[in-house]
Amino acid sequence: MTIDLEALYIDLHRHPELSFQETRTAGIVTQRLTELGLEFEEGVGRTGVATVIRNGDGPVIWLRADMDGLPVEERTGLAYASTARGVDPSGTDVPVMHACGHDMHVTCLLGALERLTQTKDEWSGTVVAVFQPAEEYGAGAQAMIADGVLDRFPRPDIVLGQHLTPLPAGTIGVRSGTQMAASDGLTVLLYGRGGHGSRPHSTIDPVVMAAATVMRLQTVVSREVDPRDVAVVTVGSIHAGLKNNIIPAEAKLELSLRYPDDEARARVLEKVERIVRAEAAASGAEQEPLITTDHTLPPTINDVAATERLTAAFDGAFGQGTVVDPGMFTGSEDVSWFARETGAPLVYWFWGGVDPAAYAEASAAGTLERDIPTNHSPFFAPVLHPTIERGVDALVVAAREFLSASGSDRPEA
Ligand code: ZN
Ligand code: ZN
């Protein structure tokens, strides 16, 4: 019996779940793993699942897929569009959609495991597959590691994974070195002294302090980062005060920072902190600002040698021109925790899910940004074919490239 991957994808797409709530999804995964006769553990890092195929001597290959949906109301108009709702951590009822393609990630990893199970006489080694929760919180990989996934399963010699992206279906995008940015989410509390709006001289106004801080933070990237480097400093939220004639006591800023590597991260964080403290001092604040890190994501750095090897394998399997360099993405991922914690190399690639004709048309018209929905859009709607097939094949080709060949496949034999 083979898994009907299209039906599986449609079912997952119809039933997206928020981060750390992927219980139905995990149940479908474990049901399939049971059918494949694989050993697994569930509830790893709350809702994660990990499984292993032991097949003799050879390297340990980790394949990773994330499982969570997003609080987005689907507007694709597809027959299998999601109408699901969920409750977010603040207790708010929200729409839920697989707007980042994690349903496709799960589908293709299950398809790849089935194929690897059926072809065990052609390879040897160990395959560990990780169905990770809560990628969208940047917390699921660390939750699985904290729950001992690296000790409960054979440690990786290489970590492999893939993400759906708005490239033409069939195309694979991968680059050596930094593939995705590192990211920090910071909260900054600025302390003033509250008072009557008619008597500003008796207060320390945190609204003005916050405004000056937001403006000055714009100079980090424009004046202090080398123009050849990539960095982002976004103040995504600013809150202070309740009423026009009250000067509040404090202001809160929430920042999203992005950088290509750990070195740039340290430099940008130092500049941001310097500006925050200096603007507070310039306002005469009597209390130092409080800066807290809400989340931190490492850069996703593809091992150079492994990426070259894999690119050649993809070219061999799918034909020259299949693999493109998509450049560095300023988005962030938590997949690389599995590699950083173990010192294993990582290759994380992207594969396309856009109808090639629609992509070519938008590309020719110069309207890609407008006409092709990106991840997290309510219109994000990958075509099913050949996206599913390419996603499965890419995982299998990648795993087989780094596993040992056996039997008649062994090149040395
Ligand atoms: Zn996402
Ligand atoms: Zn994603």
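Is His376 buried, exposed or partly exposed? I looked this up in the predicted model. His376 has a relative accessible area of 39%, so I noted it as partly exposed.

**Zinc site**

I went on to the zinc ion (ligand 1). I listed its protein donors: Cys100 through SG, Glu136 through two OE atoms, and His376 through NE2. I then looked up the angles among the four donor atoms, which run from 51 to 153°.

I wrote down the sequence spacing of the donor residues as C-x35-E-x239-H. Glu136 and His376 link distant parts of the chain, 240 residues apart. I found Glu136 in the loop between β6 (123-132) and α4 (140-146). His376 is in the loop between α11 (368-371) and α12 (387-402). I checked the accessibility of Glu136 too: at 21% relative accessibility, it counts as partly exposed.

Next I followed Cys100. This residue bridges the zinc ion (ligand 1) and the zinc ion (ligand 2). The two ions lie 3.0 Å apart.

**Helix pair**

I turned to helix α1 (residues 5-14) and helix α3 (residues 102-118). Their axes come within 9 Å and cross at roughly 150°. That makes α1 roughly antiparallel to α3. I noted the crossing of α1 and α3 as right-handed.

Which residues make the contact? On α1 I listed Leu5, Leu8, Tyr9, Leu12 and His13. On α3 I listed Asp103, Met104, Val106, Thr107, Leu110 and Gly111.

Key. Residues numbered from 1 in each chain as written. Chains lettered and ligands numbered in written order. Predicted model: local features only at pLDDT ≥ 70, side-chain atom pairs only at ≥ 80, totals over all residues. Heavy atoms only, no water. Donors = N, O, S within 2.8 Å, 3.2 Å for Na, K, Ca; no water. Tetrahedral: all angles 85-135°; square planar, octahedral: opposite > 155°, others 65-115°. Helix = DSSP H or I, 4+ residues; strand = E, 2+ residues; numbered from the N terminus. Buried < 20%, exposed > 50% of the residue type's maximum accessible area, 1.4 Å probe, protein only. Axes fitted to C-alpha atoms, helices over the stretch in contact; angles between N-to-C directions. Parallel < 35°, antiparallel > 145°, perpendicular 65-115°, else oblique. Left-handed = near helix turned anticlockwise from the far one by under 90°. Contact = heavy atoms within 4.5 Å.
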